[in-house]
Amino acid sequence: MKAYIIAEAGVNHNGSLEMAIELVNVASAAGADAVKFQTFRAESLVSKTAEKAEYQKVNTGNSESQFEMLKRLELSHQAHQVLIQHCLSKQIQFLSTPFDKLSSDFLIKELDVPVIKISSGDLTNAPLLLHVAQSGKPIVLSTGMSKLGEIETALSVLAFGYTRSSEPTSISEFDQAYFSEQGQEALKKNVTLLHCTTEYPTPFRDVNLKSMDTLKDAFHLRVGLSDHTSGISVAIAAVARGACLIEKHFTLDKELPGPDHKASLNPTELFEMVKSIREVESALGSVTKIPTSSERKNKEVAQKSLVAACDIREGEIYTAKNLTVKRPAGGISPMQYWSWLGKKATRSYQEDEMIRE
C-alpha cells in the first residue's frame, strides 16, 4: 500500500491567503496526497506572555511574543473555505491541525475534513483528544517529546472518546476503555501514530527511526513519520522501513520571514521527495525471490556454461586445464564442473566451444 504523503504548509503562508493558495498549487503539482494547514486562534492557543521556542527566536527574532507572532499567522474561517474549494479544484485533500475545541469543531462540523491531525504539543491535551475522538473522526497523532507511557495515556483517552459519548467521571475510565476489546478495535480503526522529533530542524542523530518499530510493537497501530529533518533522505528511509504516512513541512521560499520556512522543503525538494518515495515503494516489491520479468532476458547472457579452455580431442579426459567456465548460459551449468572432471570427451571441441554431451 502506498504511503500517504501530507505536504505540511502549516503557517508558511505568513497569514496570506494568496500564499496559502500557492502552497496548495505546489503541493498538488508535487504529487502529495494532502496539503495541511493549521487552524487556531492565538487567544486560545497561547498565553500573551509566553516566550517563543528557541528555533522561533532564531528564525524570527525576539522582539515579539509567541502570541503576537501567532496572531499574524492566523487564517480566517473564510480563508479556510476558499482553500478547501481550491484543493478540490487541484484534486488534493485539504487537511488542518486544530489547536483548540472550537477550531476542531469548525474543521469537523463545517468543513467535514476526513481526518484530524493532532500535534505533538497536544498529545497530553486530554480535553481536546476526547473532544475530537467523540466526533468519530479518524485521528493522526504525532508523538514528539513523549514517552511510551504518555502515548498509552493519550490512546486511552481516545479509546474512551471513540466508545463513549459521556464525560468521564474518573481517569480510571480511560484505562477501562483502552483495555476493552471495543476500545482496541476503535483505535485500530481510527488512529495512526506518527513518530516525531520536535526540533526544527531535527539533527539526524536524534531522529531514531527505529522507534517506529517500537510504536508498532507496543500499540499495534498504523505508524508513520512526521519529519522535521533537513532534506528528504529520512522521509524516504521511513517509507522503506514501513511508514504508512509521511508528513513534511514545505515552503515557497526558505528565505521568507517566519518560524518554519528554514526547516521546510522548497518546491523542488518536495517534488523530489514525493518522486523518490514512490520509486522506493515500487522498488520494495515482493518478498518472493525469483527472477523478475525484466531480468529474465539477461539470464542467458550473464550466466555461464562449461566450455573448452583449449581444443579437446574425442576421447580426451576432461581436466582443470582443458575445461573452464564462460558466458553465455544455455549449456551445462558450472555447478556440474566437478562431475565432468575425469570424464572422456565423446566428441572433439574447439577452444571456447560450449560442452554439449
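Which residue caps the N-terminal end of helix 6? D100 does, with a side-chain oxygen 3.2 Å from the backbone nitrogen of L102. Let's start there and then walk through the rest of the model.

## Before we begin

This is a predicted model, in which local features need pLDDT of at least 70 and side-chain atom pairs count only at pLDDT 80 or more, while totals for chains, interfaces and linings use all residues. Residues are numbered from 1 along each chain as its sequence is written, and side-chain values use heavy atoms, leaving out hydrogens and water.

Helix 6 covers residues 101-110; helices here are DSSP runs of H or I with at least four residues, strands are E runs of at least two, and both are numbered from the N terminus. Its buried residues are S103, S104, D105, F106, L107 and I108, where buried means under 20% relative accessible area, exposed over 50%, and partly exposed in between, with a 1.4 Å probe and protein chains only. These buried residues pack against strand 2 (34-39), helix 5 (77-89), strand 3 (93-98), strand 4 and helix 7 (126-133).

After helix 6 comes D112, with a positive phi near 50°. Most residues other than glycine have a negative phi, and most peptide bonds are trans. D112 sits in the loop that leads from helix 6 to strand 4 (116-118). Its relative accessible area is 52%, so D112 is exposed.

T143 belongs to the loop between strand 5 (139-142) and helix 8 (148-163). Is T143 buried or exposed? Its relative accessibility is 5%, so T143 counts as buried.

Beyond its neighbours within four places in sequence, T143 is in contact with S120, L123, I151, L193, L194, H195, C196 and L215; contact means heavy atoms within 4.5 Å.

## Helix 8 against helix 11

Two packed helices are described by the angle between their axes and the distance between the axes. For helix 8 and helix 11 (residues 211-219), the angle is about 50° and the axes are 12 Å apart. Helix 8 is therefore oblique to helix 11. The axes are lines fitted to C-alpha atoms, for helices over the stretch in contact, and angles run from 0 to 180 degrees between N-to-C directions. Angles under 35 degrees count as roughly parallel, over 145 as roughly antiparallel, 65 to 115 as roughly perpendicular and the rest as oblique.

Which residues meet where helix 8 packs on helix 11? From helix 8 come L148, I151, E152 and L155, and from helix 11 come T214, L215, A218 and F219. The residues of this contact divide into six nonpolar, one polar and one charged. Here Ala, Val, Leu, Ile, Met, Phe, Trp, Tyr, Cys and Pro count as nonpolar, Asp, Glu, Lys and Arg as charged, and the others, Gly among them, as polar.

Helix 12 (residues 233-240) has V234, A235, I236, A238 and V239 buried. They pack against helix 11, strand 7 (222-227), strand 8 (245-249) and helix 13 (267-284). G242 follows helix 12 and has a positive phi, near 110°.

H261 is in the loop between strand 8 and helix 13. It is buried, with a relative accessible area of 0%. The side chains of H261 and T251 are joined by a polar contact of 2.7 Å. Not counting residues up to four places away in sequence, H261 touches N12, N14, T251, D253, K254 and L256.

## Backbone details in the loops

Two cis peptide bonds deserve a look. One runs from Y200 to P201, with omega near -10°, and P201 is in the loop between strand 6 (191-196) and helix 11. Another runs from R327 to P328, with omega near 5°; P328 is in the loop between strand 10 (323-326) and helix 15 (337-340).

N208 also lies in the loop between strand 6 and helix 11. Its phi is positive, near 55°, in a residue other than glycine, and at 46% relative accessibility N208 counts as partly exposed.

Definitions and conventions
A polar contact is a pair of N or O atoms within 3.5 Å; within protein, one must be able to donate a hydrogen and the other to accept it, and residues adjacent in sequence count only if both atoms are side-chain atoms.
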